[in-house]
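Trainee: I would like to learn how to read salt bridges. Please start with the general idea and then turn to the case at hand.

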Amino acid sequence: MNDDRYMEIAIEEALRGKGNTLPNPAVGAVIVKNGRIVATGFHEKAGMPHAEAVAIEKAGEKAKGATIYVTLEPCNHYGRTPPCTEKIIKAGIKRAVIGVRDPNPVASGGIERLKEAGIEVTVGVKDKECRELIDDFTVLVKKKRAFCSLKLAMTLDGKIARKDGSSKWITGEQSRQYVHRLRTIHNGVMVGIGTVLKDDPLLNVRLVSAQRQPKAIVVDRQLRIPVHSKLVKERASDLVVITTEEALLSYKSGILRDFGVTLITASEERSGVNLKEALKALKEIGIYSVMCEGGSRLAHSLINENLADKFYLFYAPKFFGSGIPALNGCEMEKKVSIFDIEPIGEDFLIKAYPEES
């Protein structure tokens, strides 16, 4: 086995914690000695030991003279846990293979510290995949707001619903299961009020197993969400409604709060609420990663305002012709960088990131 394969195993380890570690990054580690894996580890959640520490603890004396593969540069500062660099040095590890550097300046410097200690360091193995692992964390650190991915399921001609508005099951069952897996790696699932009024969704994980349910987030400038909706009746304690200060003065706001709904505000704009403010407010209440699932106006606003940090674009092998377009709004031109294209049953998925302007 070569460095790439061992790093792939470290990535698989990291994915076991993905969605539970924020505001920390998802990280995986593998310790190899004499061509054999002697220990693996991953960061389970914030406040718990980092991946390197877990793997070193498992390896014990076998770590001496071994190689450690880590998806992210080992931290070099004292936070909730001691620096992983010092654990690696103390364990007697002779080589470190690292996927990507830490985007957090507070924790960086681990690579230099390991080199100073005489450890051989290789950086950039499977860097593309390792960078994807921490895309949510990177946005948190650099943009100081919640990470926001945008999921769209559409026909080959870019329609998300038929002309009459019906849209049930555009994509196949395997794509729907994939979307539910995506929900497990986000802290919240966000939609606009139009989607709630039309579909009455639950925005929870049902088709795959989940350790926890994501928060349901509704962008609702005028507090039009019905008190008899499934979200209020069945998920009030997990429901966050983004609205305006003016709407908080309404009688409806008191009713929603009595149900246990969390209301947060953002300033009002002509097109709705200020979404950048909303994402910053979500971060402040511990919702660090959000997946937007509709509708078309909200999706358009996120893209137009450069707030969509990642795209999950599901295409079904069909045409609707005169249906409702995926992005219903003003004319715009935005470029994306395609990260991956993969078949999902009869459908296919494009994963992409916005091109930096």
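Mentor: A salt bridge is a side-chain nitrogen of Lys or Arg within 4 Å of a carboxyl oxygen of Asp or Glu. Side chains of opposite charge can pair when their charged atoms come close. This is a predicted model, where local features need pLDDT of at least 70, side-chain atom pairs count only at pLDDT 80 or more, and totals for chains, interfaces and linings use all residues. Residues are numbered from 1 along each chain as its sequence is written, and side-chain values use heavy atoms, with hydrogens and water left out.

Trainee: How many salt bridges does a search of the whole structure find?

Mentor: The search finds 26 salt bridges. In one of them, Arg113 pairs with Glu86, with 2.9 Å between the closest N and O atoms.

Trainee: Which parts does the pair of Arg113 and Glu86 tie together?

Mentor: Arg113 lies in helix H4 (residues 110–116) and Glu86 in helix H3 (residues 84–91), so the pair links parts that are 27 residues apart in sequence. Helices (H or I, at least four residues) and strands (E, at least two) are DSSP runs, numbered from the N terminus.

Trainee: Is Arg113 buried, partly exposed or exposed?

Mentor: Buried means under 20% relative accessible area, exposed over 50%, and partly exposed in between (1.4 Å probe, protein chains only). Arg113 has 25% relative accessibility, so Arg113 counts as partly exposed. Glu86 is partly exposed too, at 31%.

Trainee: What is the N to O distance between Lys126 and Glu8?

Mentor: Their side chains form a salt bridge at 3.3 Å. Lys126 is in the loop between strand S5 (120–123) and helix H5 (127–133) and Glu8 is in helix H1 (residues 3–15), so this pair ties together parts 118 residues apart in sequence.
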